Amino acid sequence: MGTEIERKFLVRHTNMLANVTGTELSQGYLSHTPEATVRVRIQADQAWLTVKGRNDGARRAEFEYPIPVEDARALLALCPAGRIEKTRYRLPMAGHIWEVDVFHGDNDGLIVAEVELDHEDEAIQPPDWLGEEVTGDVRYYNSALSQHPYRHWSASD
């Protein structure tokens with residue numbers, strides 16, 4: 001079984017991205033239940049179908065399969081909620097790869113960083129551009145952002 005262990009943080013500033021090339025991602029969700037999210041993602045000329053299980057702290061089951069881009073486009077059309085559009089930057093630092101996502105569209109203004117770990121208690125050296133940790137905060141799950149975009153959050157959100 002595939003397992004994903006990742007921590008997620010807000011980003012204070014994007015100065016570290018000045019000379020880094022990002023990749024455009026478009027994704028949608030066929031399922032949004034806490035037990036299983038089913039994501040379709042397109043990145044350039046590649047596409048994937050991903051199934052993720054319920055979160056248990058920073059850990060959850062994850063199964064990802066490459067699919068034809070044409071199939072991914074057809075599946076995105078079936079997604080019941082909004083699409084996620086973002087630019088992803090990959091930054092190697094202190095033995096880890098930090099993925100910084102700069103969101104666009106209805107989630108414009110949101111910037112998060114994720115780091116995948118080998119085990120939940122693995123030590124990380126947080127870069128100075130990291131802000132508040134939001135691991136486990138369902139509001140920041142991409143599946144939740146597709147249903148309740150960042151731009152529509154109220155002060156109480």
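1. First, a term: a salt bridge here is a side-chain nitrogen of Lys or Arg within 4 Å of a carboxyl oxygen of Asp or Glu. With that in hand, have a look at Lys 86, Arg 88, Arg 90, Glu 99 and Asp 101, which are linked in a network of such bridges. In general, side chains of opposite charge can pair when their charged atoms come close. By this rule the count comes to 14 salt bridges.

2. Before going on, some ground rules. You are looking at a predicted model, where local features need pLDDT of at least 70 and side-chain atom pairs count only at pLDDT 80 or more, while totals for chains, interfaces and linings use all residues. Residues are numbered from 1 along each chain as its sequence is written, and side-chain values use heavy atoms, with hydrogens and water left out.

3. (Strands, E, are DSSP runs of at least two residues, numbered from the N terminus.) Arg 88 counts as buried at 12% relative accessibility, and Glu 99 counts as buried at 14%. Buried means under 20% relative accessible area, exposed over 50%, and partly exposed in between, using a 1.4 Å probe and protein chains only.

4. Glu 114 lies in strand β8 (residues 111–116) and Lys 8 in strand β1 (residues 3–11), so the pair ties together parts that are 106 residues apart in sequence. Glu 114 is buried at 7% relative accessibility, and Lys 8 is buried too, at 9%.

5. Then there's Arg 39 with Glu 64, a salt bridge at 3.0 Å, N to O. Arg 39 belongs to strand β3 (residues 36–43) and Glu 64 to strand β5 (residues 59–66), so this contact ties together parts 25 residues apart in sequence. Arg 39 is buried, at 6%, whereas Glu 64 is partly exposed, at 40%.

6. Two strands pair if DSSP finds at least two bridges between them. β5 runs antiparallel to β1, joined by three bridges, and Thr 3 has Ala 61 of β5 as its bridge partner. Strand β4 (residues 46–53) also pairs with β5 in the antiparallel sense, over five bridges; here Thr 50 partners Glu 64.

7. Finally, the turn: β4 and β5 form a hairpin with five residues between them, and Gly 57 in that turn has a positive phi of about 70 degrees.

Conventions. Helix = DSSP H or I, 4+ residues; strand = E, 2+ residues; numbered from the N terminus.
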